[in-house]
Amino acid sequence: MQSGLQLSGVSLRLSGDVAVADVSGIELSVQEQARIGKLRDSAARAALARALKWERLALRQLVWPLVSGEVILEKTETGVPYLAEYPKLSVSISRSDGASMVGVSTAGRVGVDVERMWPIAFEAMLSIVATDAERAHVLTGEGYDRFFRLWTLKEAVLKAMGVGLSGGPKSVCVPAAMIESDGRGVVQTPEGPCEAVVASDGVVVGAVALMH
């Protein structure tokens with residue numbers, strides 16, 4: 001699926017099962033360890049630790065050789081990841097039930113999102129995230145793949161804007177063609193057009209967005 005998510009100026013890593021990645025030598029920050037420790041279930045703690053370590057490894061691979069020193073990932077108050085020592089690099093990370101995605105760009109603000117698809121009663125959610133036109137395109141399809149393409153694209157675009165879902169999903173207008181099938185296009189936002197691409201393998205759907 002990763003080959004279908006390429007955008008010029010964006011470097012990307014997409015995992016399958018993060019457990020297969022060799023992350024034994026990756027160290028987590030104190031904050032990340034504290035986050036893991038808050039989980040009561042041991043399996044959930046192990047899964048989150050693997051995911052965080054894979055994301056750290058993927059980030060190191062993506063920024064090398066642009067970054068020669070230690071890669072220190074920080075987050076803003078709204079949860080946007082960034083590299084304090086390298087402000088020209090835009091970073092975005094997403095995780096969903098065993099799948100992770102990391103994107104880095106020097107061409108603009110990047111946003112990535114990955115979602116594991118599952119049968120969901122999405123009709124009620126459409127009133128929150130979709131415009132009337134988008135809702136119509138989702139409901140004319142079969143299954144729930146159109147909903148997940150719409151949702152994943154909106155998350156990626158809102159991340160590229162630096163606001164996340166709190167920025168208002170309905171403020172982002174996704175073309176019908178990108179709801180109906182995988183591909184690339186231009187998504188309209190309050191800040192102007194945003195280049196985006198979406199792809200799925202029938203199990204996981206991913207999207208990448210770039211604000212120039």
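The model is predicted, so local features need pLDDT of at least 70, side-chain atom pairs count only at pLDDT 80 or more, and totals for chains, interfaces and linings use all residues. Residues are numbered from 1 along each chain as its sequence is written, and side-chain values use heavy atoms, with hydrogens and water left out.

**Exercise 1.** Find how many disulfides the structure holds, and check Cys194.

Solution. 
1. A disulfide is a pair of cysteine sulfur atoms within 2.5 Å.
2. The closest cysteine sulfur to that of Cys194 belongs to Cys173 and lies 12 Å away, too far for a bond.
3. The count of disulfides is zero.

**Exercise 2.** Classify Cys194 and Cys173 as buried, partly exposed or exposed.

Solution. 
1. Buried means under 20% relative accessible area, exposed over 50%, and partly exposed in between (1.4 Å probe, protein chains only).
2. Cys194 has 0% and is buried.
3. Cys173 has 38% and is partly exposed.

**Exercise 3.** Describe the salt bridge between Arg149 and Asp182.

Solution. 
1. A salt bridge needs a side-chain nitrogen of Lys or Arg within 4 Å of a carboxyl oxygen of Asp or Glu.
2. In this pair the closest N and O atoms are 3.3 Å apart.
3. Arg149 is in helix H5 (residues 145-161), while Asp182 is in the loop between helix H6 (176-180) and E7, 33 residues apart. Helices (H or I, at least four residues) and strands (E, at least two) are DSSP runs, numbered from the N terminus.
4. Arg149 is buried at 5%, whereas Asp182 is partly exposed at 36%.
5. Through shared partners, salt bridges join Asp145, Arg149 and Asp182 into one network.
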